[in-house]
Amino acid sequence: MPSFGWHFALTLLVIASILKENERKKALMLLPFGILSDIDAFIGIHRATLHNIFVILLPSFAFLVVKGKKEWEESGKYFFLASSLLALHILLDAFHTGVFLLYPLSKESYDFKFWLGVNEKGLSASFGCERPGEIGEVIYVTTPSPAVPEVPLVNDGVELVAMTAALVVFAAKFIPRKE
């Protein structure tokens with residue numbers, strides 16, 4: 001499972017690449033959307049409750065509800081970016097042991113597989129989707145026990161380097177410089 005470090009690093013890099021330097025407050029407000037889905041490890045069913053396509057649509061739906069106000073019309077890109085950060089999180093998890101994309105309408109999980117590399121025939125790629133099971137059938141989708149679940153922040157050195165680099169890029173863009 002991608003840990004907090006990967007989700008946070010990608011969130012920082014996406015925000016830093018899209019927003020301008022003078023949008024620091026909006027960048028900070030968007031940060032939680034890249035890691036928000038993992039709250040379902042503590043409430044509900046992990047990889048189901050907040051890891052589905054309906055969660056992705058929530059910021060866009062909120063934008064449509066308040067769109068009538070003039071001051072909100074200019075902020076449509078922030079709602080779209082929030083939805084995109086949620087989608088990125090869910091997509092990343094979909095490639096690591098799967099997610100329940102259609103929960104609560106369907107209790108079936110989807111685990112995407114992708115491989116790109118070189119074999120004896122040359123460059124090769126493959127993409128697939130497995131359905132490992134339904135809620136309750138697979139260990140990683142059961143409701144968390146009353147004990148506090150283990151939530152890794154950083155799993156390995158590569159992730160530490162990626163998260164550190166992302167923090168440096170984000171800080172370099174959004175921390176004001178004295179001139």
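Is phenylalanine 95 buried, exposed or partly exposed? Phenylalanine 95 has 30% relative accessibility, so it counts as partly exposed (buried is under 20% relative accessible area, exposed over 50%, partly exposed in between, with a 1.4 Å probe and protein chains only). This is a predicted model, where local features need pLDDT of at least 70, side-chain atom pairs count only at pLDDT 80 or more, and totals for chains, interfaces and linings use all residues. Residues are numbered from 1 along each chain as its sequence is written, and side-chain values use heavy atoms, without hydrogens and water.

**View 1. Phenylalanine 95 pairs with phenylalanine 112.** The ring centres are 5.6 Å apart and the planes lie at 50°, so the pair is tilted (rings of Phe, Tyr and Trp, its six-membered ring, pair with centres within 6.5 Å; planes under 30 degrees apart are stacked, over 60 edge-to-face, the rest tilted). Phenylalanine 95 sits in the loop between H5 and strand S1 (111-119), and phenylalanine 112 in strand S1, 17 residues apart (helices are DSSP runs of H or I, at least four residues; strands are E, at least two; both are numbered from the N terminus). Phenylalanine 112, at 16% relative accessibility, counts as buried.

**View 2. Ring pairs join Phe95, Phe112 and Phe127 into a cluster.** The structure holds five aromatic pairs.

**View 3. Helix H5 spans residues 76-94.** H5 has 19 residues and reaches 27 Å from its first C-alpha to its last. Its buried residues include Tyr78, Phe79, Leu86 and Ile90.

**View 4. Helix H1 (residues 4-18) contacts H5.** Trp6, Leu10 and Val14 of H1 are among the contact residues, as are Leu81, Leu85 and Leu88 of H5 (contact means heavy atoms within 4.5 Å).

Notes. The expected span of a helix is 1.5 Å times one less than its number of residues. Axes are lines fitted to C-alpha atoms, for helices over the stretch in contact, and angles run from 0 to 180 degrees between N-to-C directions.
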